[in-house]
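Here's a quick tour for anyone meeting this structure for the first time. Take a look at it, then read on for the main points, topic by topic.

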Amino acid sequence: MKRISRYRRHKAAGPFLLLLALLAIGTTFSVASATTAAETTSADRSLQIEEGRQIFLKGCSSCHGLNAEGAQIAPSLIGVGAASVDFQVGTGRMPMADMSTQAMRKEPLYNAEETAALAAYVASLAPGPAIPGESELNFERDGSTAEGGELFRNNCAMCHNFAGQGGALSQGKYAPTLMGVEPRHIYEAMVTGPQSMPVFSDKTITPEEKLSIIKWIKSAEKEPNLGGASLGRVGPVTEGLLGWVLGLGILIGVAVWLAMKAR
Amino acid sequence: MTVEARLGSVANYVDERTGAAAWMKKNLQKVFPDHWSFLLGEVALYSFVILLLSGTFLTFWFDPSQREVVYEGSYEPLEGIKMSAAYASALHISFEVRGGLLMRQIHHWAALIFMAAIVAHMMRVFFTGAFRKPREGNWIIGIGLLTLGIVEGFLGYSLPDDLLSGTGIRIAEAIIQALPVVGSYLAYFAFGGAFPGESFIPRIYTVHVLLLPGAFLALITAHLMLVWYQKHTQYPGPGRTEKNVVGYPLMPTYMAKAGGFFFIVFGVTAFLAAVASINPIWLYGPYTPGQISAGSQPDWYMGWLDGLVRMAPPIETHAFGHTISWNILVPGLIIPGILFTGMALYPFIESWITGDKREHHLLDRPRNAPNRTALGAMSLTFVMVTLINGGNDIIATHFDLSINQIMWGTRFGVFILPPLAFVITKRLCLSLQRADRELVLHGRETGTLLRLPHGEFVEVHEPISPEKAFLLTSHEQAPPLELPEVDGRGVKRAGALRNKLRSRMSVANAEAIPKVSVNDLKEIEHH
Amino acid sequence: MSNEIEAIKDPGLPAHVHRKADTDSAAADRAERQVAILFGISALGTALLIVSYIFIPDDVFIFIPVMGNQNAHQLGLGLGMAISLFFIGMGAIHWAKTLMPDTEVVAQRHEFRSPDSDRKEFVEAVKSGAGAAGLGRRSLIKKSLGAALGLSALSPLLLLRDLGPLPEKELEKTTWKSGTYLVTDPGNRRIKASDLEVGAVAQVLPEIEDPEHRKLSDIAKDAVLLIRLRPQEFNLEANKLAMTHDGIIAFSKICSHMGCAVALYEQQTKHLLCPCHQSTFDVTRGAKVIFGPSARPLPQLDITIDQEGYLVARQPFSEPVGPSFWERNSQ
């Protein structure tokens, strides 16, 4: 022990620790993703569910109730499915930091393994939408951008804006931006309808159609600015502001110079 | 032959064929006063020229048709989507025509700057009193140009037939449809049947590229001819009177400056078009009535109208089997109608209040017309409040507010803030007048402290120059109108109530801090 | 009037101050060079434009701080054009400011009012002209001319009649009929009641024979939003409740205010919000307006299921959909 603490103040200690931590996270993650990919035995699963229950009791039960039956301030989680947990916890929305208007996206509190355990626990309570696997999320192969665009404009643009930048809802709530959201989370949001968002059933928007929507969102996200700075892609408000400030602003500046007497 | 000699022979050539020498000689030496605020109207004029040029470019490829086509162009995310030929051709201009996107963006930015310059120019004319006799007619032409500009801009916004355009047209249709008695007929005539139909875009295209530009050209010509004939107004100052114009001759100085400024305006518009994306129609997708985007807004010059419509209370009258939508008619037609009529009539209202029927060529400093300045500030506040509500959803998401809060804020604000702006501006003007008076009487504070023999510290004041003193005291301070309520024979005059109102307003209008006279200065010297 | 106050005298136009270039020929030469440089920069701008047009393909993107990834072709064209124009202007103005005459010139104004004698004659001429025409006396002519002019304005108006058909009762009709299937938009697939989970929405249209050629003007009246709630969440009158099916309620998607698509459904609050003017409708109370400018609830479509469980309309809309109009009769 002494030997280690001797190196604690070493110049390289910080970077070294960071490296170690990264390695640890990487390993856990690869192990975690490997376990989801590989066939998990039923023993493993019940172990995972138990682990999830423990996390749940510590981090979630104060609001959602000891058996996830819901309470005054939080809904029941029975039947919401693993997809819902993966979305809410995986995007950091749950656990909620404060009980304000709406759960915001933030750094997730739980790592991938813990999230998977929580999801397994909630899924064990009652059947619900499952987390889509890698093969079900191959939007590049199964989706069509143009069709996705049409579906997006019909079903998503009214809240998330024409370019997926998000928009205002009533009473201070808002539809978040879709830029930079993982395809899995977009998919889960559509099937589970988190917070203000409604559910988009697999029968009205088929899984292939959902992938098309994801493909379109990813294409809009990747699309470089064809005509100059994007101004946030929120429509005429920022355009008008820039027209006045930069456009007329520069011109008035030149006009002042023009009318000034030369020395 | 030198350049001068060559140009001289051109002048000779022209005169021998037109006899224009006398007229040209006089007008080439025409004097234009120089001030940056006089260039705002020029920005509008040049933007109009840019709009004509870039607009012509766009017409070469734009297909104003609502015929349904399947997109086969190079923008993949819309591949195979059904859309109107208008939208498809707007995409073609954006993606396949080299420089087409640049031109589209120049056209749109020029439109925004055009409207902004018109409004800024109007503010200059209003706050300096340049609309007074003999320029009332030109003020009205200006109001006409502003109105046309709003309509023309809206039509241009509607032409590409993308989702945002269509939403705008939908709202315009709802306004037409809301007109009592004739609404649904007018809507059916305008759209050639049920909304959206296949006729509206071809029709507004003709209006956008032919009828309104023609009207613009006629009005702009009249506007400029009047400026030319009546000579430009000038700011007050030493050597400047109601009887003269001080400035630079048209040829060559003003010509070079004005000509150069055209290129500046074009250059700045092109710069914006190069660096900032405007109306990325390909992201909006084609219009269909079942779709909508969050944050659907009009361009800024319509934004205040949209804000008014948003804040309107939900009132409709249902009676005798008919419906009247006050929630559309009042904010969409009646209030703008009152505003624009009031603006057009303002020169006459002011001269009625002041009883002033003389010509004015010297501009007012805004502080010296406190009532007018306050009224202007009040109107601008009204427009700003409604404009803010017009973008309430964008403001809400970007500043962590709620649209309901902003809506309620502006619903109250639209009644409270404009009168408040009036009072504050008027007080501000009067205190600026007071500061002017102090400055003329006691001079400029130098910041140097002087210790008097008996120990007191005083700040040294330095007298201001005679030029400055003249500038600060050259304005007129007319007493209020005296309107006796009874005539010479003791009989009450007709229209007593009107007279009372008039003299009340006249008294309020004449409120001022007395300007410094020579007598005041002499008195100070005695002390 | 009180005794005249003596105003401060006009000291007259300040003396002209010469520019450096007026007195110093070296300064003038320097100004000339500056102007030439400005024009030269403009020429470089044009060169940039030409190079961008010919040599930069339109699929090259470059990263520019603040602005992000930019299309090099578009940026080159635009900046080239901007530079080429802007610097012509700068050059011309700099030239005017430094080398052209800058002595202020005073021109006299003349009152617009003509001499009194001219005015008098002018007014007389107008009067006698009007008198000679008999405008004052011959009132029959005056009135009939007024009437004729007024009437003549009708002819162009009448000629505009063929702009469109008469609205008849069209604004009150939609494609929805008794037994019309609800189909997804887009996709045109029939929907079973069981397809929708609680909290789900679906954008639907009436089923038609040729969905490939659905008219936009039909969508503008037909678009419907399906929402599924828990049946006990409704707070509806019996007749409105009867129009729902097992928690599924259908509203016209066309806003009763100005016709935008009202489709922002907030699942938790059960509110529908119109993104155009923010009218907010409470779904549990039959789309009652709870905020914003709309004065009427969204029309509700009466739905049920057929034997196989597919959703169908039980009857057409009982009131016109979309924004109000004069002939609309809805007490």
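Two residues count as in contact here if their C-beta atoms, placed from the backbone, lie within 7 Å. With that in hand, 31 residues of chain A are in contact with 38 residues of chain C. Bear in mind that this is a predicted model, where local features need pLDDT of at least 70 and side-chain atom pairs count only at pLDDT 80 or more, while totals for chains, interfaces and linings use all residues. Residues are numbered from 1 along each chain as its sequence is written, and chains are lettered from A and ligands numbered from 1 in the order in which they are written.

**Where chain A meets chain C**
- Helices (H or I, at least four residues) and strands (E, at least two) are DSSP runs, numbered from the N terminus.
- On the side of chain A that touches chain C, α8 (145–155) and α9 (157–160) of chain A each supply at least two residues.
- α8(A) gives the most to that side, with four residues.
- By class, that side of chain A has 13 nonpolar, 13 polar and five charged residues; Ala, Val, Leu, Ile, Met, Phe, Trp, Tyr, Cys and Pro count as nonpolar, Asp, Glu, Lys and Arg as charged, and the others, Gly among them, as polar.

**Two crossing helices in chain A**
- Helix α3 (residues 42–59) and helix α6 (residues 112–125) of chain A have axes that come within 7 Å and cross at roughly 100°. Axes are lines fitted to C-alpha atoms, for helices over the stretch in contact, and angles run from 0 to 180 degrees between N-to-C directions.
- That makes α3(A) and α6(A) roughly perpendicular to each other, a label for angles of 65 to 115 degrees (under 35 is roughly parallel, over 145 roughly antiparallel, and the rest oblique).
- Residues making the contact include Arg45(A) and Phe56(A) of α3(A), along with Glu114(A) and Tyr121(A) of α6(A).
- The contact of α3(A) with α6(A) has eight nonpolar, three polar and four charged residues.

- Three strands form an open sheet in the order β1(B)-β4(B)-β3(C), with antiparallel pairing; two strands pair if DSSP finds at least two bridges between them.
- β1 (31–32) of chain B and β3 (105–108) of chain C stand at the edges with a single partner strand each, so one side of each has no neighbour in the sheet.
- Strand β4 (residues 244–249) of chain B is joined to β3(C) by four bridges, and the two run antiparallel.
- Val245(B) sits opposite Ala107(C) in β3(C).
- Lying across β1 and β4 of chain B is helix α10 (residues 250–275) of chain B, at about 75° to β4(B).

**Domains in chains B and C**
- Chain B is assigned domain 1 (32–285 + 300–364) and domain 2 (442–526), with bounds from an automatic or database domain assignment.
- The C-alpha centres of those two domains of chain B lie 42 Å apart.
- Nine residues of domain 1 of chain B are in contact with eleven residues of domain 2 of chain B.
- For chain C, the assignment gives domain 1 (20–98) and domain 2 (173–313), with 57 Å between their centres, taken over C-alpha atoms.
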